[in-house]
Amino acid sequence: MVRVIELGVDTFGDVTVDGEGRAVPHHQVIRDVVEEGVLAEQVGLDFFGVGEHHRDDFSVSAPDVVLTAVAARTERIRLGSSVTVLSSDDPIRVFQRFATLDAVSNGRAEVTLGRGSFTESFPLFGFDLADYETLFADKLDLFAALLREGPVTWAGTTRPPLEGVTVHPQTASGSLRTWIGVGGSPESVVRAASYGLPLMLAIIGGDPVRFKPFVELFEDALAEHGHAMLPVGVHAPGYVAATDEQARDEYYPHYAAMADRIGRQRGWPPMTRARFEAEAGPEGAMFVGSPETVTAKIVRAATALGLSRFDLKYSAGTLPHPLIVRCIELYGNEVAPAVRGALA
C-alpha cells in the first residue's frame with residue numbers, strides 16, 4: 001500500500017543578513033518570505049507555513065496576512081500557521097482571519113494552534129502569564145465550538161459567554177483544517193484527541209523516534225473519545241545543501257547565533273559545534289545535510305511515527321535568503337520525490 005505523506009516547509013520569518021552581513025529590515029524579510037512561499041509551490045511542495053512572533057529578531061507578527069499574499073500568487077499549495085499563539089489571541093478573530101484566508105486561497109487554509117514557546121505576546125496584549133494554561137484551555141474550547149460553523153452557545157472563564165452566535169465568514173467546505181501543536185506535553189496530546197483534532201509534533205531536540213509514545217497515546221485517547229485515527233505531523237528544523245559538510249558549515253553559524261541569543265534570555269548553555277553535530281546526526285532532531293541524508297532522516301521519522309505530514313522549518317536566525325532559496329529548491333526537487341518514492 002502507498003503511504004501518502006504531505007511534505008511542507010515553514011518559517012518564522014527570522015531576520016536574515018545580506019551579503020555584507022548586515023541585518024535585513026523587517027519589511028524586506030517579509031517580502032522574501034512571500035517569495036519563499038511562491039517558490040515552495042513551484043518546486044512541488046504540499047504546504048507552506050509561517051509562524052507568529054512579537055520580537056525584533058523575527059519579522060512576522062501577522063502570519064495570515066503574509067499567507068494571503070502568498071495565496072494571491074499560488075494555486076495549489078496549502079497555507080497555514082506554525083504556530084498561532086491562541087492563548088494571547090481572540091479565538092473568534094483567529095477563526096475569522098483564517099476563514100478569510102481560506103476564501104482567498106480557494107480552500108487551502110489551515111491553522112496550527114498552540115501555546116507557543118515565546119511569551120512576548122502575553123504582556124503585549126495584556127494577558128497574565130500566570131494564566132498561561134487556563135487561557136489556552138478556555139480559548140481552545142471556544143475555537144473547537146467555532147469549527148462546527150453553526151450557532152455557538154458557549155461559556156468559559158476568560159471572556160463573556162456567547163449565546164447562539166454565528167461567526168462569519170464561514171468556509172466554503174464547512175471545515176477549516178486545524179492542528180494542535182505539541183512540544184512535549186502528554187496532556188496536550190490528550191487534549192488534541194478530546195477535540196478530534198490532528199496532532200502536530202514540534203521536534204527541536206533529541207531523536208524524533210522518541211515521540212512514538214506520544215503517537216500511541218494520541219491513538220488511544222482518540223479511541224476513548226470515539227474518534228478514528230487522525231493525521232500526525234512533525235515540524236522540525238532543517239537545511240539542505242549539496243553535501244553534508246556544506247549544509248552543516250552554512251547552517252551552523254546562523255543557527256548557533258540564534259540559539260545563543262535566545263539562550264542568554266532563558267539561561268541555556270552556549271551552543272557548541274559538538275552539540276550541533278549530534279543533533280544533525282542520524283538520530284538527531286535537525287534534518288541538515290545533503291538531499292540523500294535529509295531524505296533518509298525523514299523516511300526514518302515518517303515510518304516510525306506513521307506521519308501524514310512532515311514540515312521542514314528552514315529558517316534559522318540570520319541564514320541569508322539566497323541560501324534559503326537553494327534549500328527550498330533542493331528540498332522540493334530532490335528530497336520530496338525521494339521521500340515519496342521511498343514510502344511507496
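Q: How much of the protein chain counts as buried?
A: Of the 344 residues in the protein chain, 54% count as buried, where buried means under 20% relative accessible area, exposed means over 50%, and partly exposed lies in between (1.4 Å probe, protein chains only).

Q: What kind of model is this, and how are residues numbered?
A: This is a predicted model, in which local features need pLDDT of at least 70 and side-chain atom pairs count only at pLDDT 80 or more, while totals for chains, interfaces and linings use all residues. Residues are numbered from 1 along each chain as its sequence is written, and side-chain values use heavy atoms, with hydrogens and water left out.

Q: How many helices and strands are there?
A: The protein chain has 11 helices and 12 strands; these are DSSP runs numbered from the N terminus, with helices being H or I of at least four residues and strands being E of at least two.

Q: What is the radius of gyration of the chain, and what would a compact globule have?
A: The protein chain has 19 Å, which agrees with the value near 20 Å that a compact globule of 344 residues would have; the radius is taken over C-alpha atoms, and the globule rule is 2.2 Å times the number of residues to the power 0.38. Along the principal axes, the C-alpha atoms fill a box of roughly 60 × 50 × 40 Å.

Q: Switching to salt bridges, how many does the structure hold?
A: The structure holds 24 salt bridges, each being a side-chain nitrogen of Lys or Arg within 4 Å of a carboxyl oxygen of Asp or Glu.

Q: Why can such side chains pair at all?
A: Side chains of opposite charge can pair when their charged atoms come close.

Q: Which parts does the pair of Arg273 and Asp249 tie together?
A: Arg273 forms a salt bridge with Asp249, with the closest N and O atoms 2.9 Å apart. Arg273 lies in helix α9 (residues 273–280) and Asp249 in helix α8 (residues 244–266), so the pair ties together parts that are 24 residues apart in sequence.

Q: Which residues do salt bridges with shared partners join into one network?
A: That network consists of Glu6, Arg78, Glu110, Arg177, Arg309 and Asp311.

Q: What is phi for Asn106, and what for Glu149?
A: Phi of Asn106 is near 60 degrees, a positive value in a residue other than glycine, and phi of Glu149, likewise not a glycine, is near 55 degrees. Asn106 is exposed, with a relative accessible area of 70%, whereas Glu149 is buried, at 12%.
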